[in-house]
Amino acid sequence: MKNILIIALALVGFAFTNHSGGVYSSNTGNIHFYSHTPVEDIEADNHKVKSAFDSKSGKLQFSVLIKDFQFEKALMQEHFNENYMESTKFPKATFNGTIDKIQDVKVGANGTYTSPVSGKLTIKDVTKDVSTTATFTVTNGVVNGKASFNLNPEGYNIKIPNVVSKKISRDIKVSIDVDYRHKH
């Protein structure tokens, strides 16, 4: 499994190096998700998100190992991996898209820039179009990217048993926070 991930990441790196322009990447990005219902709030973080973007083409990619999401309660984490996400069968989620107005993101100049981001999000072998607006803050060569969007778990074949259906929202907020550095 690790070998497949290493090969996939090497291919991502190879794909980016074929473009003219600077590649910015991170292996320590964060994805946070939050589910709110009157019965219970559920949230988790994954601090091992791999992501890269090309500052010329705007091509943007994310890869997330599902088992790396951390919950406050161990039982929630176990149910998330075994029952809902089936993380042994579907070990990762990916996003392949673009920073649509990459020309507005001045990676060489300190400042804050915004751009629409759009692409394909794949979870449990279900791929759907996702779009949102991202904020990029450049500070001394580090590009921090932040964005959020909502998703419906059932749209990605994440089955929620009736016994817990009132505890899990059908509108889960996903927040992304990544510090990118120029890849040399």
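**Notes on the predicted model**

1. **Order of elements.** Read from the N terminus, the elements of the protein follow the order α-β-β-β-β-α-β-β-β-β-β. That gives two helices and nine strands in its secondary structure. Please keep in mind that this is a predicted model.

2. **Burial and contacts.** Of the 184 residues in the protein, 45% are buried. Among contacts with a separation of 6 or more, 60% are between residues 24 or more positions apart.

3. Strand S7 covers residues 126–139 and strand S8 covers residues 142–151; the two pair in the antiparallel sense, with five bridges.

4. **From S8 on to S9.** S8 also runs antiparallel to strand S9 (residues 172–182), and nine bridges join them. Here Ala 147 is found opposite Ile 176 in S9.

5. **Lys 124 with Glu 86.** The count of salt bridges in the model is four. In one of them, the side chains of Lys 124 and Glu 86 meet at 2.7 Å, N to O. Because Lys 124 lies in the loop between strand S6 (111–123) and S7, and Glu 86 in the loop between helix H2 (74–84) and strand S5 (92–99), the pair ties together parts that are 38 residues apart in sequence. Are the two partners buried or partly exposed? Lys 124 has a relative accessibility of 7%, so it counts as buried. Glu 86, at 29% relative accessibility, counts as partly exposed.

6. **Backbone at this pair.** Glu 86 has a positive phi of about 50° although it is not a glycine. Lys 124 likewise is not a glycine, and has a positive phi of about 50°.

7. **Asp 129 with Lys 120.** Another salt bridge joins the side chains of Asp 129 and Lys 120, at 2.6 Å, N to O. Asp 129 has a relative accessible area of 61% and is therefore exposed. Lys 120 is partly exposed, its relative accessible area being 43%.

8. **Arg 170 with Glu 154.** A further salt bridge is made by the side chains of Arg 170 and Glu 154, at 3.2 Å, N to O. Both Arg 170 and Glu 154 are in the loop between S8 and S9, 16 residues apart, and the pair links distant parts of the chain. Arg 170 has a relative accessible area of 29%, which means that it is partly exposed. Glu 154 counts as partly exposed as well, at 41% relative accessibility.

9. **Surroundings of Thr 122.** Thr 122 belongs to strand S6. Which residues does Thr 122 touch, not counting residues up to four places away in sequence? They are Lys 92, Ala 93, Thr 94 and Thr 127. Lys 92 is 30 residues from Thr 122 in sequence, while their C-alpha atoms are 8.6 Å apart in space.

10. **The largest pocket.** The largest pocket has a volume of about 890 Å³. Its lining is made up of 45 residues, and those nearest the centre of the pocket are Phe 33, Phe 69, Phe 80, Ile 172 and Val 174.

11. **Where the lining comes from.** Which elements each supply at least two residues of the lining of the largest pocket? They are strand S1 (23–36), strand S3 (59–65), H2, S5, S6, S7, S8 and S9.

12. How many residues of the lining of the largest pocket are nonpolar, polar and charged? By class, 35 are nonpolar, six are polar and four are charged.

How values were computed
Residues are numbered from 1 along each chain as its sequence is written. This is a predicted model: local features need pLDDT of at least 70, side-chain atom pairs count only at pLDDT 80 or more; totals for chains, interfaces and linings use all residues. Side-chain values use heavy atoms; hydrogens and water are left out. Two strands pair if DSSP finds at least two bridges between them. Helices (H or I, at least four residues) and strands (E, at least two) are DSSP runs, numbered from the N terminus. Buried means under 20% relative accessible area, exposed over 50%, partly exposed in between (1.4 Å probe, protein chains only). On a 1 Å grid over the protein atoms alone, a cavity is a set of points where a 1.4 Å probe fits but cannot get out, and a pocket is an open set with protein on both sides within 12 Å along at least five of seven lines; lining residues have an atom within 4 Å of a point. Grid points are joined across faces, edges and corners, and a volume is the space filled by probe spheres set on the points. Ala, Val, Leu, Ile, Met, Phe, Trp, Tyr, Cys and Pro count as nonpolar, Asp, Glu, Lys and Arg as charged, and the others, Gly among them, as polar. Contact means heavy atoms within 4.5 Å.
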